[in-house]
Amino acid sequence: MRPLFAFVFLAFLPPAGWAADAMQLEAEALIRPAGESDLSEFLWIKRPIVVFADTDADPRFQQQIEMLRAGADMLTERDVVVLTDTDPSSRSTARQKLRPRGFALVVIDKDGGVKLRKPTPWSVRELTRTIDKMPTREQEIRDRRGLN
C-alpha cells in the first residue's frame with residue numbers, strides 16, 4: 001500500500017511544478033523593458049503601465065515590480081502590460097514621451113491617453129480600481145456581460 005501511495009503522491013508533484021513555472025512565465029510576459037516596445041503598438045489592444053526609475057536598485061522600483069508580479073492575474077484580466085525603464089541615458093520612446101523624473105508610475109489606457117501619474121508605488125488593488133473606472137474598461141465589462 002505504501003508504494004502505491006508514494007507513486008500517487010509523486011504523480012501530482014510535476015504538475016504543481018509546472019503550474020509554478022507557468023505563473024512565472026505569465027509574470028515575465030506581463031513585465032518587459034520599455035526599450036523593446038513602442039507605446040503605439042498597444043493602442044486599443046493593451047493598457048500599458050510604465051514604471052520608471054533612474055536605476056533598477058531604486059527601492060520604490062523594486063517594491064512596485066514586486067507588487068505587480070504578485071497581482072499579475074488581476075492585471076492580465078484587465079489587458080495590462082507593464083513596461084519598465086530604469087536607464088535615463090537610453091532615451092527610450094516611452095521616456096521621451098512621458099518625461100519622468102526619478103521614480104514614476106504612469107497608467108495609459110487603451111485609447112493611448114495618460115490616465116494616472118504617481119511618484120510613489122501603488123498596489124495592484126489601487127491600480128485595478130482606477131482601471132475599472134475607465135470608460136473603455138466599463139465598456140469591456142458591459143460587453144462581457146452582454147449588456148450593450
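At 4% relative accessibility, does Arg137 count as buried or exposed? Select Arg137 and keep that in mind: it counts as buried, where buried means under 20% relative accessible area, exposed over 50% and partly exposed in between, with a 1.4 Å probe and protein chains only.

A word on what is loaded. This is a predicted model, in which local features need pLDDT of at least 70 and side-chain atom pairs count only at pLDDT 80 or more, while totals for chains, interfaces and linings use all residues. Residues are numbered from 1 along each chain as its sequence is written, and side-chain values use heavy atoms, with hydrogens and water left out.

**The whole chain**

Switch to cartoon. Of the 148 residues, 37% count as buried. Among contacts (heavy atoms within 4.5 Å) with a separation of 6 or more, 73% are between residues 24 or more positions apart.

**Into the core**

Now select Ile49, Val51, Leu68, Val82 and Leu127. In the largest nonpolar core, which has 21 residues, these five touch the most other members. A nonpolar core here is a set of buried Ala, Val, Leu, Ile, Met, Phe, Trp, Tyr and Cys residues joined through side-chain atoms within 4.5 Å. Color strand E2 (47-52), helix H3 (59-70), helix H4 (72-77), strand E3 (80-85), strand E4 (104-108) and H6: each supplies at least two residues of this core. Apart from it lies another core of twelve residues, including Val50, Val81, Leu83 and Leu98.

Zoom in on Val51. Leaving aside residues up to four places away in sequence, its contacts include Phe61, Ile65, Leu68, Val82 and Phe103.

Next, look down helix H6 (residues 124-132). Its buried residues are Val124, Leu127, Thr128 and Ile131. Seen along the axis of H6, they fall within an arc of 95° (taken from the directions from the helix axis to the C-beta atoms), so they line one face of the helix.

**Charged pairs**

There are twelve salt bridges, each a side-chain nitrogen of Lys or Arg within 4 Å of a carboxyl oxygen of Asp or Glu. Back at Arg137, what does Asp132 form with this residue? A salt bridge, with the closest N and O atoms 3.1 Å apart. Asp132 is partly exposed, with a relative accessible area of 23%. Glu140 also forms a salt bridge with Arg137, at 3.5 Å between the closest N and O atoms. Glu140 and Arg137 sit three residues apart in helix H7 (residues 135-145), about one helical turn.

Then go to Arg95 and Asp85, a salt bridge with its closest N and O atoms 3.1 Å apart. Arg95 is in helix H5 (residues 93-98) and Asp85 in strand E3, ten residues apart. Arg95 counts as buried at 8% relative accessibility, and Asp85 does at 5%.

**Last stop: a hairpin**

Select E4 and strand E5 (residues 114-118). They run antiparallel, joined by four bridges; strands pair if DSSP finds at least two bridges between them. Leu105 has Lys118 in E5 as its bridge partner. Finish between the strands of this hairpin, where there are five residues and Gly112 takes a positive phi near 90°.
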